[in-house]
Amino acid sequence: MPSRLSRATRTAAVAGASALVLSGCGGLASQSGTTSADAAASCGDSVTIGAPYPFSGPFTEFGNNAYQGMDIAAKEINDAGGIKALGGTKIKLAKGDTGSADPAQASSAATKLIDGGAIALVGSWGSPQTNSASTVAEGARVPLVTQSWSDQLSARDYQYYFQPPPKSSQMGGASSAYLTAAANSIGVKFTKVVGVGPNDTANVGQITAAVKAFADAGAAAGEPDFYQAGLSDASPIVNRVAAQNPDLILTSGSPADAVLIVKGLRERGVTAPIMGFGGAFVAPSFAKNLGDTVNGLIAVTAWNDDLPLDGVEAATKSYRKTYSEAFMPMEAGESWVNVHLVAEALETSKSCDPEKITEALRSLNVTKGPAAAMPGGQVSFSKDGTNPHAVPLLTQWQDRLPKTVWPEKYASSKLSLG
């Protein structure tokens, strides 16, 4: 491994390169000990995983959910004896608030976490914030494991970036194949598709890919309608969508924008199925704000709490009981998996040195246990940090709960378009 540059010098260099790719959108000393006793002596009683997430601002719900998933994982690991290869060292979590709309706050949060001794970061939910936090992590040579989807995040040739869920383009492309297959299984075919979403990079990529996929499959589909996030009045968008008389609507965006659009469409009498992309469409607040109107809405997601994979049932039961929620949200489940992945890397490396943990993450091929509990049932990392085994899920709100309806091997319920 090359010698470390000063943190400020390396971070500044990587940040400059990253800015060209995405716009808008301390390690510990190496250890040579080979026994758990030696490693534990070097690492101490605990190691810290940093959690750079929005704990304030409009996306607080998602930051809190993600952190709560991390907390469930840390408790599971610690209750089972901690990191055994380190003699029982426990996992501690540290928060860093990325809540500002300015991605610079994510840089500051990541820097403070690393300077405070975090041996890895799990975060940061939003792609612009993940871009900033991962740039800091790359400069400090500390691994960051994320649930962000943007294709551009994995196109930067970063060595300390790890993304277990699918890319945005996979999510968009899967929407056509999944929904078409699920609809065909109940005798439904879509002929007129309309896409609408905010004009940021990740959402434009998802909606564009999804609309193109349906068009390639033979549906009539015009250019998507993109808007500036932060709607106060969704009427113009609702009117444009309704005028096209679609039999399927593809959308994305923040919880507030999504609720306005869905409510507006239903009040206008548009009954076509609506499929959304991202955490907003499977968030607990989405159901609370829409009431029974949420039932029937479809979402393309990266994780759901009804997955028949190792550890999911126990984790979701613990989550529901601990946080008095009806289900464990997607971002909570992803972060739960990500903490278990860091723990696997700690076990494999027998070290709390971030560079050794990074090497272990690159070499992982997990096929069982909570660290493999992403759709696909297997986690390893390609050169660009993505997981080649990751597959999206298609979920539908039924009885105010998101139920997996496709792929069939993971489905807990059947798609309903009645």
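User: How many aromatic pairs does the structure hold?
Analyst: The structure holds 11 aromatic pairs. Rings of Phe, Tyr and Trp (its six-membered ring) pair if their centres lie within 6.5 Å; planes under 30 degrees apart count as stacked, over 60 as edge-to-face and the rest as tilted. Keep in mind that this is a predicted model: local features need pLDDT of at least 70, side-chain atom pairs count only at pLDDT 80 or more, and totals for chains, interfaces and linings use all residues. Residues are numbered from 1 along each chain as its sequence is written, and side-chain values use heavy atoms, with hydrogens and water left out.

User: Why is the pair of F55 and Y67 called edge-to-face?
Analyst: The ring centres of F55 and Y67 are 5.8 Å apart and the planes stand at 85°, so the pair counts as edge-to-face. The two residues are 12 apart in the chain: F55 is in the loop between β1 and α3, and Y67 is in helix α3. Helices (H or I, at least four residues) and strands (E, at least two) are DSSP runs, numbered from the N terminus.

User: Are F55 and Y67 buried or exposed?
Analyst: F55 and Y67 are both buried. Buried means under 20% relative accessible area, exposed means over 50%, and partly exposed is in between (1.4 Å probe, protein chains only).

User: And what about F281 and F286?
Analyst: F281 and F286 also form an edge-to-face pair, with 5.3 Å from centre to centre and 65° between the planes. Both F281 and F286 are buried. Ring pairs link F281, F286, F327 and W397 into a cluster.

User: Back to α3 for a moment. Where is N64, and what is it in contact with?
Analyst: N64 is in helix α3. Leaving aside its neighbours within four places in sequence, N64 is in contact with P54 and F55; contact means heavy atoms within 4.5 Å. N64 counts as partly exposed because its relative accessibility is 28%.

User: How many residues apart are N64 and H389 in sequence?
Analyst: N64 and H389 are 325 residues apart in sequence, and their C-alpha atoms are 27 Å apart in space.

User: Which strands does α3 lie across?
Analyst: Helix α3 (residues 60-79) lies across β1 (46-53), β2 and β3, and runs at about 170° to β2. Axes are lines fitted to C-alpha atoms, for helices over the stretch in contact, and angles run from 0 to 180 degrees between N-to-C directions.

User: In what order do the strands of the open sheet come?
Analyst: The open sheet has 5 strands in the order β2-β1-β3-β4-β5, with parallel pairing. Its edge strands, β2 (90-97) and β5 (161-162), each pair on one side only. Two strands pair if DSSP finds at least two bridges between them. Strand β3 (residues 120-122) is joined to β4 (residues 144-145) by 2 bridges, and V122 stands opposite V145 in β4.

User: Switching to helices: at what angle do α4 and α5 pack?
Analyst: Helix α4 (residues 104-115) and helix α5 (residues 127-140) pack at about 35°, with their axes 8 Å apart. On the α4 side, the contact residues are A106, S107, A110, T111 and I114, while α5 brings Q129, S132, A133, V136, A137 and A140.

User: How many residues of β6 are buried?
Analyst: In strand β6 (residues 192-198), 6 of the 7 residues are buried. β6 pairs in the parallel sense with β9 (residues 248-252) over 4 bridges, and with β8 (residues 225-227) over 3 bridges. V196 has T251 as its bridge partner in β9 and D225 as its bridge partner in β8.

User: Last one: why is β14 called largely enclosed?
Analyst: All of it is covered: 6 of the 6 residues of β14 (residues 393-398) are buried, so the strand is largely enclosed by the rest of the structure. In a regular strand the side chains alternate between the two faces of the sheet. In β14, L393, T395 and W397 are buried on one side, and L394, Q396 and Q398 are buried on the other.

User: Which strands is β14 joined to?
Analyst: β14 runs antiparallel to β11 (residues 298-301), with 4 bridges between them, and also antiparallel to β15 (residues 401-406), with 5 bridges. β14 and β15 form a hairpin with 2 residues between them, and D399 in the turn has a positive phi of about 55°.
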